[in-house]
Amino acid sequence: MSRKRSSDRSDRFDYLQTLVTEFQDTDNDEAKEQVLANLANFSYDPKNMEDLRQLQVTDLFLDMLTEDNENFVEFGMGGLCNLSMDRECRDLILESGGIPLVTACLSSRREEIVLSAITTLMNLTTAASRPQVTEVAVVQCMLRFSLSESPRLRNLAGVFLQDCCTEPQVARAEQTMPDGPQTVLGIPLPVDSVP
Amino acid sequence: MAAPVQKADCWRTPEIYKHHEQRKVCISRPKYRDGRKAKAVKVYTINLESRYLMVQGVPAIGVMSELIQRCALYGAIEEYRPLDEYPAEEFTEVYLVKFQKLTSARAAKRHLDEKSFYGGVLHVCYVPEYETVEDTRLKLQDRRRYVIRTCQNIAREREQMREATEEDPKPPDSAPKSEGATKSTDEKHPASVYAPAPSSTGHYLGFPSLPLPPQEDRWYRQNTNQARPSEDRMGSLHDTFTDTAPCDTAPCDTQSTSAGVQRKDRDTRGTPNLASVVRFVPRTTHLENRKRKLEEPRDPLLLLSYDIVGENSPLIGPQLPEPPKLDMEDESLNTTVHQIRDTLKQVASVPANKPAKVKKTKLRRRI
């Protein structure tokens with residue numbers, strides 16, 4: 001049993017490596033998207049996390065957050081959302097300066113990207129990173145999200161405000177919140193539903 | 001959300017979200033990452049999953065209780081109701097089913113989506129928008145805990161494997177020694193050195209002479225070996241049963257040293273791997289490996305069933321009703337097929353010297 005698993009494991013590492021190589025080598029955006037989605041979905045399984053860490057897929061995903069192609073951003077953000085559940089991956093993302101990159105995704109128009117970003121931010125919250133994760137602009141953004149029409153966004157922002165922020169923090173953010181939507185983060189509110 | 005302003009209450013008309021849609025299947029994947037099931041390009045995260053499922057396409061012929069019974073095969077249901085307000089196709093109904101556990105919802109989705117049901121084809125999707133804040137919080141907490149626990153288990157298991165390897169004298173290595181230097185990952189990783197992979201023979205290995213890229217066959221093998229719970233063509237595990245069992249039964253006496261050794265293990269493994277990120281292992285190595293594995297062919301179907309039972313049953317909860325069978329899309333036809341199959345089995349089992357035929361029947365069962 002254990003032998004079987006270990007050979008499976010090196011097979012899997014090789015496969016993941018092939019994916020990373022294809023991603024780096026290809027110029028075809030469609031292929032890139034597919035491989036990226038593959039990698040992001042592999043990130044869902046804890047069994048793969050060590051291999052993905054070794055292949056520096058965390059950095060690969062982080063690179064995607066600043067792409068113009070929204071699919072790249074969505075898949076990269078989804079991958080980070082999956083990987084950041086693991087503590088070691090979380091630390092890698094923090095080391096690579098991931099917080100501002102993820103925070104920037106809160107302003108995306110795609111709801112799926114925003115949702116992944118919120119979950120990732122929650123995963124990235126540690127004693128050391130908390131001040132950065134819960135800076136005033138982010139809290140204000142979450143406050144706006146918590147009034148959103150979309151139940152998923154509303155719920156997730158609610159969890160963020162309740163679990164990651166202190167009450168005084170939220171109160172302060174509310175006080176300093178400028179009227180109207182002219183804040184730095186989170187404009188415009190994401191659209192997802194099909195009329 | 002272009003919809004008019006609505007208050008959040010349970011009486012409003014359910015909205016149609018993008019994630020309810022069935023995405024277009026992707027057809028442009030190269031073979032090595034083309035799975036067995038047609039899938040769209042989509043990334044699954046915990047945000048998309050939910051213990052709330054929406055079942056569309058239920059024929060409007062009063063089969064609600066049948067549907068719920070069918071769903072309950074995959075786990076306890078907490079609540080269900082028809083979504084009368086949700087726009088449905090003609091002569092069909094839409095139901096909301098709330099499972100007690102996310103894993104049950106996942107299993108139900110996997111087994112019921114795109115399956116025929118009383119003459120209709122079901123479309124099952126997660127509907128996280130029905131969650132409460134508390135639901136969402138618990139879902140995320142569970143997921144985090146599961147990931148952390150699994151990673152710890154993996155580390156512990158690896159540690160045990162390492163110890164087992166040290167105790168055992170090194171068995172005869174069938175791989176040629178001359179490749180020692182290039183075969184970095186395999187050689188350095190103690191347990192895989194003597195992994196003739198009893199299970200590594202997939203039926204995709206039938207074309208050894210094709211000039212495949214180095215890793216191609218491995219993927220198929222892996223995909224076949226791990227049987228159903230493995231990644232699908234998108235690498236998605238969203239519908240895999242979460243499995244934490246493998247280590248729970250194992251003794252944990254090695255826990256105290258596990259962290260240190262794991263690091264060591266990683267170091268030895270990590271260095272060569274990082275170096276080879278750009279460079280492939282020479283194909284001869286793979287050919288050798290493949291040849292070795294071809295020498296002990298095994299019925300992939302046996303492996304399949306073995307894996308299902310061995311690795312993934314403990315966490316599923318209620319036993320799955322049946323392995324995926326030939327579906328004739330009609331109840332009476334299915335009954336007939338079942339009867340024929342039973343008769344065939346009886347006939348085949350009478351003369352004991354006809355193993356080939358027995359296998360044939362098995363093969364058909366699993367199509």
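This is a predicted model: local features need pLDDT of at least 70, side-chain atom pairs count only at pLDDT 80 or more; totals for chains, interfaces and linings use all residues.

1. Helix 10 (residues 136-145) of chain A packs with helix 11 (residues 151-164) of chain A at an angle of about 140°, and their axes are 8 Å apart. Since angles over 145 degrees would be needed for roughly antiparallel, that angle makes helix 10 of chain A oblique to helix 11 of chain A. The crossing in which helix 10 of chain A passes helix 11 of chain A is left-handed. On the side of helix 10 of chain A, the contact is made by A:Val138, A:Val139, A:Met142, A:Leu143 and A:Phe145, and on the side of helix 11 of chain A by A:Leu153, A:Arg154, A:Ala157, A:Phe160 and A:Leu161.

2. How many of the ten residues of helix 10 of chain A are buried? Eight of the ten are, so helix 10 of chain A is largely enclosed by the rest of the structure.

3. Helix 8 (residues 111-124) of chain A deserves a point of its own. Helix 8 of chain A has 14 residues and reaches 20 Å from its first C-alpha to its last, which is close to the 20 Å expected at 1.5 Å a residue. Of those 14 residues, 14 are buried, so helix 8 of chain A is largely enclosed by the rest of the structure.

4. Two packing partners of helix 8 of chain A can be read side by side. With helix 10 of chain A, the axes come within 13 Å and cross at roughly 130°, which makes helix 8 of chain A oblique to helix 10 of chain A; the crossing is left-handed. Here A:Val114, A:Ile118 and A:Leu121 of helix 8 of chain A meet A:Val138, A:Met142 and A:Phe145 of helix 10 of chain A. With helix 11 of chain A, the axes come within 10 Å and cross at roughly 15°, and helix 8 of chain A and helix 11 of chain A are therefore roughly parallel to each other. Helix 8 of chain A passes helix 11 of chain A in a left-handed crossing. The contact is made by A:Glu111, A:Glu112, A:Val114, A:Leu115, A:Ile118, A:Thr119, A:Leu121 and A:Met122 of helix 8 of chain A and by A:Arg152, A:Leu153, A:Leu156, A:Val159, A:Phe160 and A:Cys164 of helix 11 of chain A.

5. Is A:Arg90 buried or exposed? A:Arg90, which lies in helix 6 (residues 87-95) of chain A, has a relative accessible area of 18% and is buried, because the cut-off for that class is under 20%. Apart from its neighbours within four places in sequence, A:Arg90 is in contact with A:Ser84, A:Asn123, A:Leu124 and A:Thr126.

6. Most residues other than glycine have a negative phi. Phi of B:Glu114, however, is near 65°, a positive value; B:Glu114 lies in the loop between helix 2 (102-112) and strand 4 (116-117) of chain B and is exposed, with a relative accessible area of 55%. Phi of B:Tyr118 is also positive, near 50°; B:Tyr118 lies in the loop between strand 4 and strand 5 (120-121) of chain B and counts as partly exposed at 39% relative accessibility.

7. Chain A has twelve helices and zero strands, and 65% of its 195 residues count as buried, whereas chain B has twelve helices and six strands, with buried residues making up 47% of its 367 residues. Among contacts in chain A between residues at least 6 apart in sequence, 70% join residues at least 24 apart; for chain B, residues 24 or more positions apart account for 75% of the contacts with a separation of 6 or more. The accessible surface comes to about 7000 Å² for chain A, 50% of it belonging to carbon and sulfur atoms, and to about 19100 Å² for chain B, where carbon and sulfur atoms hold 58%.

How values were computed
Residues are numbered from 1 along each chain as its sequence is written. Chains are lettered from A and ligands numbered from 1 in the order in which they are written. Side-chain values use heavy atoms; hydrogens and water are left out. Helices (H or I, at least four residues) and strands (E, at least two) are DSSP runs, numbered from the N terminus. Buried means under 20% relative accessible area, exposed over 50%, partly exposed in between (1.4 Å probe, protein chains only). Contact means heavy atoms within 4.5 Å. Accessible areas come from the Shrake-Rupley method with a 1.4 Å probe; for residues, only the protein chains shown count as cover. The expected span of a helix is 1.5 Å times one less than its number of residues. Axes are lines fitted to C-alpha atoms, for helices over the stretch in contact, and angles run from 0 to 180 degrees between N-to-C directions. Angles under 35 degrees count as roughly parallel, over 145 as roughly antiparallel, 65 to 115 as roughly perpendicular and the rest as oblique. A crossing is left-handed if the near helix is turned anticlockwise from the far one by less than a right angle, and right-handed if clockwise.
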